[in-house]
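Here are my notes for you to read alongside the model. Keep the viewer open and look up each residue as you go.

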Amino acid sequence: MDAPPVKLSELLRHPDDLDKIPALKLEFTRKKAAVDSQLRGGLRDQLETTQAGMNGITDGQKTLQAIRDEMMKIDTLCSESQNMIKDFASINLVSQAHRNFGAVETMVENLQTFNDRLNRVENMLREDEEDKENMPNLLRVHYELTQLRNIRDDAMEQIQRADDPSLQSTLEDYFSRLDDAIDWFDEHVGLVALNMINLLIADNNSLVVRLAVIVEAEEKSDQRVEALQEALKDHKEMATRFQSITDGAKKVRGYKEKFLKAIAVNCEGQFAEVREEFLADPTKLDKLMRWYFNDLNAVKQGMVPLMPKKWKILKTYGDIYHQLMHDFLVGMIDDPESSSANTLEIINWPEKYYKKMRKLGFSESDLKPHVIDNREQELVKDFRQLIIKFLDQWIERIFAQEKKDFADRNVEGSNLDTDEYGYFRTKNLVDMWRMLREQVDAAGNSQRTDVAEGVIDAMFLRLRGRQQSFQKMLEEEAARYESDKEPELEGFQALQDWLIATANDQMACIDDNEEEGRFAYLSSFKQKFEPFVTPQYMERAENEIALLRESYIDLSTWCLSKFASLVIAVDFRAVMPTFFTPKWYETTAMKQMIITIEEYVGDYQQVLHHSLVDIFIQILADELLVQYLMSVRNKGAKFRRTEPFQDKIFNDVATAFEYFRSLPNQDLSADITQTWRVTEDFNALLTAPKEQLPDVFEDFKTKYWDLQITWVEAVLRARDDFERSMLNSVKARAAQMDVVRGPETIMGKIK
């Protein structure tokens, strides 16, 4: 193949490349000369081919004209010769009478011996009936029957010319026994034709050859009859002139077509048996079709040398068998009794089929139509969609059951299960993953990566959709309690249990224990489908697995965050509005809230996945801090210099620190207390002199880049000495700062 053309701009990129121009010119000139030479050679060959064709057409026209001229000469000579011979009319009349007498004499003799000859034929047929495996008289019977048929046809033709219905009826009765003998003979021929393969296997080549001789003779006879009928139809004026050449068969007998029909009938019978067994056990298709290839191999090895070459018997068998294979498979695809397993086997069959046919000498391009009409992709899509349909039905049923369990959660145990570690779990997660594995098996059994990969893609999509649906269900229910639409709080604790169980479910999906050889659901799922997909797909699947893993973590964290927000919204609903108001000084609200959090942690740490306990505490601590700092927006919140708000803030923080520092995980304790030290900057905003506020804000913003100016404004407005100039100076300093963004801090959650 020629190299792709190179752009001039790519060859001359630098000034130094101009020195290459002479060499490039020579190179392009050489290439142009080579191309011109190829074009001239191709044009010359094309012209020679065209000229040869035109010469052939001209020669054919000349030959046709010469034949026409010769025929006209013959016709002229025939007409003139009658006038050249003296008394030609009388001689012709005597000659015709002599011929007619001879024909009548022959006809009489044939009619007289007809019954005896027919009796001999019937005796031979009877002998063949008793020896069907060999039929020794098959050829002789055919010869005699052919003669008797010709006698009958000639006699009937003569009587039809006489236009005597009574004589015609008499002859028909006389010849009636012949039809019975012909039917009997045809049965024998059909029996042999139906058993050709078995005869080859039994090495009964003699009978096969005799049948071939009979069919070939009948084929020639039919061709002669058809040619004569065509000639007489096109040249009616010649019909009376050439009646004497119409001896022999007068009708097409169709033994060649009957022979081919017998091949098809035998094959159809085999397919009928295959259909029943294939419907009963789709996995046996390969085994059930062995006869098909064995038959064609028998034809190739044993029948080809025994049949006339012009029949191309192997191709003939191949075409008939292939068409019936096509009809069988397409029929099975559309058969209402066939199952998806049948369709699956059919999808995988063409590759095996064409491979075996190639070994027998049949190329795929020679086998028309395609064995299943090129419907692989359509069937693959349908099969894939069928699995996905079952997948969707299962997921819908499981989620419907989960919604029912969730709605009926206000019972002992909150309608939840516990696993072997005592962790809360929803009831249907195990069923869902088991169902996914079963559908992976169904896709894998197809032995097609396109089916498996399409199903796995759908599973990834459904798993993400399930997470979203579950989160929406929990979100909508939690909103009723957060908005105070459930004053009796019925089902509130059960909702909290479900949030914990859902968080645990997410961890069960991703928490692998490789040391013990225990893999979470997601890893087991990956191991399950990996053998059924291509390495290229697996690279993409790894990304999907990673995204799912992250989404499981996100949902578990969301559940714990929603739990914390419900604690704030419901348990602390009465006390949160009192912070930084005059009532704040009179209560120990922080102490009460810390005790409540401590109780929640104590109640749930045994039923919460061990890896989530510290996260749970961290989220509760962060949520409490966020709500505490956002309380500057409470109605009536005011920090007066005459009141001990600094001491009160210190007491609140100290109360929180007392609990957090008692946590068993000291690293967690240190992280939480460090996060809560943001209250020091909060206190600085409250106590700093007016002129120092910009510096205090800048220091605060430097430590917490996502500090919201709207919250700072709310803090400043809560000071009893607030002036507009204080806020303006802070905003001016904010405009001057070049803030470096970093990871989200606690202040990013405070609006």
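**Notes on helices, loops and salt bridges**

1. Start in helix 2 (residues 21–84): Glu-27 and Lys-31 sit four residues apart there, so about one helical turn separates them. Helices here are DSSP runs of H or I with at least four residues, strands are runs of E with at least two, and both are numbered from the N terminus. The side chains of Glu-27 and Lys-31 form a salt bridge, 3.8 Å from N to O. (A salt bridge needs a side-chain nitrogen of Lys or Arg within 4 Å of a carboxyl oxygen of Asp or Glu.) Glu-27 is partly exposed at 29% relative accessibility, and Lys-31 is partly exposed too, at 42%. (Buried is under 20% relative accessible area, exposed is over 50%, and partly exposed is in between, using a 1.4 Å probe and protein chains only.)

2. Some housekeeping before you go on. This is a predicted model, where local features need pLDDT of at least 70 and side-chain atom pairs count only at pLDDT 80 or more, while totals for chains, interfaces and linings use all residues. Residues are numbered from 1 along each chain as its sequence is written, and side-chain values use heavy atoms, with hydrogens and water left out.

3. How many salt bridges does the rule give? The count comes to 47. One of them joins Lys-749 to Asp-622, with the closest N and O atoms 4.0 Å apart. This pair links distant parts of the chain, 127 residues apart: Lys-749 is in the segment after helix 28 (724–736), and Asp-622 is in helix 22 (residues 610–630). Lys-749 is partly exposed at 41% relative accessible area, whereas Asp-622 is buried at 12%.

4. Now find Lys-690 and Glu-723, whose side chains meet in a salt bridge at 2.6 Å, N to O. Here too the pair links distant parts of the chain, 33 residues apart: Lys-690 is in the loop between helix 25 and helix 26 (693–703), and Glu-723 is in the loop between helix 27 (709–717) and helix 28. Lys-690 is partly exposed at 30% relative accessibility, as is Glu-723 at 37%. Elsewhere, salt bridges that share partners tie Arg-275, Glu-276, Asp-335 and Glu-337 into one network.

5. At what angle do helix 23 and helix 25 pack? Helix 23 (residues 645–660) and helix 25 (residues 678–687) pack at about 175°, with their axes 11 Å apart. That makes the two roughly antiparallel. (Angles under 35 degrees count as roughly parallel, over 145 as roughly antiparallel, 65 to 115 as roughly perpendicular, and the rest as oblique.) Helix 23 brings Phe-645, Gln-646, Ile-649 and Val-653 to the contact, and helix 25 brings Thr-679, Phe-682, Asn-683, Leu-686 and Thr-687. (Contact means heavy atoms within 4.5 Å.)

6. Finally, the backbone. Most residues other than glycine have a negative phi, and most peptide bonds are trans. Met-135 has a positive phi of about 45° without being a glycine; look for Met-135 in the loop between helix 3 (88–130) and helix 4 (138–162). Is Met-135 buried or exposed? Met-135 is buried, with a relative accessible area of 0%. Asp-203 also has a positive phi, near 65°, but Asp-203 is exposed at 58%. The peptide bond from Lys-368 to Pro-369 is cis, with omega near -5°, and Pro-369 is in the loop between helix 14 (340–359) and helix 15 (376–407).

Technical notes:
Axes are lines fitted to C-alpha atoms, for helices over the stretch in contact, and angles run from 0 to 180 degrees between N-to-C directions.
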